[in-house]
Amino acid sequence: MSSSPSSSSSPPPTSGDSPPSNLPLKKIPGDYGLPFLGPIRDRYDYFYNQGKDKFFQSRIQKYNSTIFRTNMPPGPFIARNPNVIAVLDAVSFPVLFDTTKVQKKNVFEGTFFPSTAFTGGHRVCAYLDPSEPNHAVFKGWFLSLLAARHNKFIPLLQNSLSHLFTNVEAELSKKGKADFNTLSDNASFSYVFRLFCDRDPSDTRIGSDGSNLLSKWLFFQLAPLFTLGLKYLPNFLEDLLLHTFRLPFFPVKSGYKKLYEGFYTSASKILDEAEKLGMKRDEACHNLLYMSGFNSYAGMKVMFPDLIKWMATAGESLHRRLANEIRTVVKSEGGVTYSALAKMSLVKSVVYEALRIDPPVPFQYGHAKTDMVIHSHDAAFEIKKGEMIFGYQPCATKDGRVFENPEEFVGDRFVGDGEKLLKYVYWSNGRETDDPTTENKQCPAKDMVVLLGRVLLVEFFLRYDTLTAEVGTLLLGSSVTITSLSKAESTA
Ligand code: HEM
C-alpha cells in the first residue's frame, strides 16, 4: 500500500546539499505492505531475516534508490504509524537537520515515544521541537552549563582515565584480559556526575551503582529497538517480549528514584540557577538526569569502546604515528591543553573517522513540516506534510559518492585537504562544520564530545605504545576486551 504523492507541475522548494535543478522528479519507490502484516514483515526482516545493514542495503539495491518507503521497527502495537521515507545518502540525509522543514517533537527514539514515567512525568529536552518554548529554555541552560565548565573538561577526564587505565591493567594482570566496556561505563558515569554535580557519585546514595542503574533504565526504554541475539530464545518469543508491547517503568522505578535523589541533592547550585532562569526545580532535575544519563552517559557508553575498537584494529603503524604526534606535541606545548590538542591533526582525524564510520546514535527521524522536494545524488522526490522521514546514518556517512573506500577505517582521512569532508560527518545530528543552537537539534556537547575522544587517545598513547583487543557487538555499540597493552618506554 503506497501513499506516494503524485508529481506536481511546480514542485515545492528543495532541501539538502546545494540542490541541483535538473534532477528528474520521481515517485518514491517502495511500499508499506498490508496494514499490520507489512510492518511485522519488515520488523522480522530487520531483526531476524536480514539484520540492520542488509535490510537497508538490499532495499537500496532492489529499488535502485537511496530514498524509499519502508516500515521501521517496532511497529504494532508499540508505534501507531511505522511508515517512513528512508533517506540513506549524504545528500538527502541533512534534511533531518533542518528544523524549518522537519518537526522533531517526540521522535528522539523514532516512531514511538516511551512513557514519560521514565522521565518523572516530563517531556525532556531531547523530545522537544525547537518551536516549543521549553526547548530553548533547557537547551540554553545546557549550553551555558557546558560553557561554564569548559576548563574542567580536560583535567576531570584525565583523572577518570587514570583510574580507568589502572583498572584495565589490574584486570589484565589478574585475568589475562580486561572488559573495557564495564570499566569505561563506570568511568563515564563518574565523569559526568563530577562534571555537573561537583562530587563523586560514591559520596552520594548512588554509590557505585550509577552506571548499572542507568544501563537498566536505558534498556527498558530502548528495548523495542534491540534484538538480544540469544541462541536459545526463539525469534517469535523475543519479538513478543521486546517489540510488541512497551516494557513498564516499575522494574526500574526504585533505581531511577535513587539516581534522581543523587542528582537532586548534589546539583543544588545548578538547580538554583535553573530556578532563577524560570524552570521548575523538579522538571530541571529530571532534565539534568536525562541529559547526564541518556544523552551523555549513553553517548559515551557507545563512543569510547567504538573509538578503542577502531584504533586497536587499525594496527601498529597507526599506533606509532599517533604516539609520535601526541608525545611530540605534548612535549613542545608543555602538557595536554586545548592548544596542544588543536595541533594534533592525526588525533583529530582518527576521532572524526571513528564517528563517521560508526556514528554512536545511528538513527534520526523527523515529520515533514511542509510539502517539500528532497533529492539524492540521482533524483528528486516529493514528500508530503506529515510524512515521517528517517535516516540510518551509517549509510549516509559511508556514501561512496562522497568518501573513497567508505567501509575502510582510514585514520588520516580528515588530515589536510581531507578536512573539506567534515561537512559530511553527521554524528552530532548536524554537520561537523555547524554549531548547536537553541533553534536546532544538534548535540549541545558536540565540541566537548570530540574533545573527549581526543583526550582518550592522548592519555592512552602517553602511557602505552600499542594494544591488542577482541571486539564484538553489544546491544548498544561494540564490546572491547583488551588482551594486551604494551607500556610506553618512559612509563614502563
Ligand atoms: C559521546 C557522547 C555523545 C553523543 C554521541 C551525543 C550525540 C547526540 C545526538 C546524535 C543528538 C541528537 C539526537 C537526535 O535528536 O536525533 C544529541 C542530542 C543531545 N545531546 Fe548529545 N551526545 C553526547 C554527549 C552529550 C553530552 C555530554 C551532553 C551534555 C550536555 C549532551 C546533551 C545532549 C542534549 C541535551 C541533546 C538534545 C538536543 C536538543 O534537544 O536540541 N550530549 N546528542
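Predicted model: local features only at pLDDT ≥ 70, side-chain atom pairs only at ≥ 80, totals over all residues.
1. Ligand shell. The ligand is surrounded by 23 residues, and the closest are Asn295, Gly299, Asn429, Cys443 and Ala445. Two or more residues of this shell come from each of α3 (133-148), α10 (281-314) and α15 (446-463). With six residues, α10 gives the largest share.

2. By residue class, the shell around the ligand holds 15 nonpolar, six polar and two charged residues.

3. Nonpolar core. The largest nonpolar core contains 126 residues. Those with the most contacts inside this core are Ile85, Val87, Leu307, Val351, Ile389 and Leu457. Here too α10 is the main contributor: the largest share of the core, 17 residues, comes from this helix.

4. Leu307. Which residues is Leu307 in contact with, leaving aside its neighbours within four places in sequence? They are Val351, Ala354, Gly453 and Leu456. Of these, Val351 is itself listed among the core residues with the most contacts.

5. Sheet. Three strands make up an open, antiparallel sheet in the order β6-β12-β11. Its edge strands, β6 (178-179) and β11 (464-473), each pair on one side only.

6. Pairing of β6 and β12. Strand β12 covers residues 478-487 and is joined to β6 by two bridges, the two strands running antiparallel. Ala178 has Ile482 of β12 as its bridge partner.

How values were computed: Residues numbered from 1 in each chain as written. Near = placed C-beta within 6 Å. Helix = DSSP H or I, 4+ residues; strand = E, 2+ residues; numbered from the N terminus. Nonpolar A, V, L, I, M, F, W, Y, C, P; charged D, E, K, R; others polar. Core = buried A, V, L, I, M, F, W, Y, C linked by C-beta atoms within 7 Å. Buried ≥ 20, exposed ≤ 12 C-beta atoms within 10 Å, placed from the backbone. Contact = placed C-beta atoms within 7 Å. Pairing = 2+ DSSP bridges.
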